[in-house]
Amino acid sequence: MRIASWNVNSIRARKDRIGAWLDRSDVDVLAIQELKCKDAQFPKEIFDERGYEVSFHGLNQWNGVAIASRVGLEDPELGFAEVPAFGDDPVVEARAISATCGGVRVYSLYVPNGREVDHPHYHYKLDWFRALAADVDAALKDDPDKLLVLCGDFNVAPRDEDVWDMEAFAGATHVSEPERRAFADLLSVGLTEVTRPLAPGPGVYTFWDYQQLRFPKKQGMRIDFQLASAKLAETAASALIDREERKGKGASDHAPVIVDYEI
């Protein structure tokens with residue numbers, strides 16, 4: 001089963017590129033982040049035309065997540081247990097969706113950015129990680145052999161090699177010790193980050209900012225991952241960060257992250 005994760009940074013702006021990528025990528029399941037549209041605006045036809053079922057969740061011009069599958073899509077669920085809300089009038093944002101696809105429970109996750117260290121959004125990010133870890137921990141304790149994978153933009157660079165220059169990130173989010181610890185705590189509930197061993201770095205990034213010519217300068221970050229349960233991780237055979245999709249006019253600032261599982 002080929003599973004991909006992709007922060008598309010506006011599905012409406014990139015629907016033609018997404019369709020063309022699906023035509024050539026041969027993915028069975030695509031976890032999508034940062035839709036930037038309401039449900040009524042979602043371009044469902046690009047998936048219908050290609051034989052994919054799709055479940056999606058968008059509230060406004062921010063955030064938004066989806067899962068598209070051509071191997072079945074069962075029991076879709078928005079969010080997860082105890083997912084925190086954010087804002088002066090707290091709202092549970094459209095940042096998490098899951099479904100069972102071909103026997104694998106697939107999550108599409110868009111972890112909060114954090115904005116600045118010690119900003120309220122930063123603490124919200126850490127709370128979000130804690131709640132997600134608790135939810136996955138409960139699921140794997142209930143069924144240790146469960147086939148499960150968390151796909152998405154985690155907005156954390158877990159290692160120094162995951163950014164082009166640590167000095168450029170001094171005092172910034174994404175590389176702070178609490179964020180890295182939160183990512184490690186998530187792994188500790190029984191997950192394996194399967195992409196790194198199969199597509200090792202350094203210099204293997206998944207995100208390049210649009211500003212300051214970061215992409216041609218190879219100044220990126222590795223913040224998009226697939227975290228698989230033990231039983232599923234055993235089947236991970238190959239991985240690809242599709243850097244080619246970051247090229248050209250109208251590209252997302254993230255590249256698709258693809259893993260082949262021999263299930």
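In this predicted model, helix H3 (residues 120-142) and helix H4 (residues 177-187) have axes that come within 9 Å and cross at roughly 10 degrees. That angle is under the 35 degrees cut-off, so H3 and H4 count as roughly parallel to each other. On the H3 side, the contact is made by Tyr122, Lys125, Leu126, Phe129, Leu132 and Ala133. H4 brings Pro178, Glu179, Ala182, Phe183, Asp185 and Leu186 to it. Sort the residues of this contact by type and you get nine nonpolar, three charged and no polar.

Now for the salt bridges, of which the structure holds 20. Side chains of opposite charge can pair when their charged atoms come close.

| Pair | N to O distance |
|---|---|
| Arg2 and Asp260 | 2.7 Å |
| Glu34 and Lys36 | 3.6 Å |
| Asp162 and Arg196 | 2.8 Å |

Take the salt bridge between Arg2 and Asp260. Arg2 sits in strand S1 and Asp260 in strand S12 (residues 257-261), so this pair ties together parts that are 258 residues apart in sequence. Arg2 is partly exposed, at 26% relative accessibility.

What about Asp162 and Arg196, buried or exposed? Both of them are buried. Their side chains meet in a salt bridge, and Asp162 lies in the loop between strand S8 (148-153) and H4 while Arg196 is in helix H5, so parts 34 residues apart in sequence are tied together. Salt bridges with shared partners link Glu161, Asp162, Glu193 and Arg196 into one network.

Glu34 and Lys36 form a salt bridge as well. Glu34 counts as buried at 12% relative accessibility, whereas Lys36 is partly exposed at 22%. Both residues turn up again around Asn63, which is in contact with Glu34, Leu35, Lys36, Glu93, Ala94, Arg95 and Tyr110, leaving aside its neighbours within four places in sequence. Asn63 is found in the loop between strand S3 (53-57) and strand S4 (65-69). Its relative accessibility is 10%, so Asn63 counts as buried.

On to the backbone. Most residues other than glycine have a negative phi, and most peptide bonds are trans. Ser10 has a positive phi of about 100 degrees; this residue lies in the loop between strand S1 (2-7) and helix H1 (15-25) and is buried at 13% relative accessible area. Arg115 also has a positive phi, about 65 degrees. Arg115 lies in the loop between strand S7 (104-110) and H3, and is partly exposed at 47%.

Where is there a cis peptide bond? One joins Gly201 and Pro202, with omega about 0 degrees. Pro202 is in the loop between helix H5 (195-198) and strand S10 (224-229).

Conventions. Residues are numbered from 1 along each chain as its sequence is written. This is a predicted model: local features need pLDDT of at least 70, side-chain atom pairs count only at pLDDT 80 or more; totals for chains, interfaces and linings use all residues. Side-chain values use heavy atoms; hydrogens and water are left out. Axes are lines fitted to C-alpha atoms, for helices over the stretch in contact, and angles run from 0 to 180 degrees between N-to-C directions. Helices (H or I, at least four residues) and strands (E, at least two) are DSSP runs, numbered from the N terminus. Angles under 35 degrees count as roughly parallel, over 145 as roughly antiparallel, 65 to 115 as roughly perpendicular and the rest as oblique. Contact means heavy atoms within 4.5 Å. Ala, Val, Leu, Ile, Met, Phe, Trp, Tyr, Cys and Pro count as nonpolar, Asp, Glu, Lys and Arg as charged, and the others, Gly among them, as polar. Buried means under 20% relative accessible area, exposed over 50%, partly exposed in between (1.4 Å probe, protein chains only). A salt bridge is a side-chain nitrogen of Lys or Arg within 4 Å of a carboxyl oxygen of Asp or Glu.
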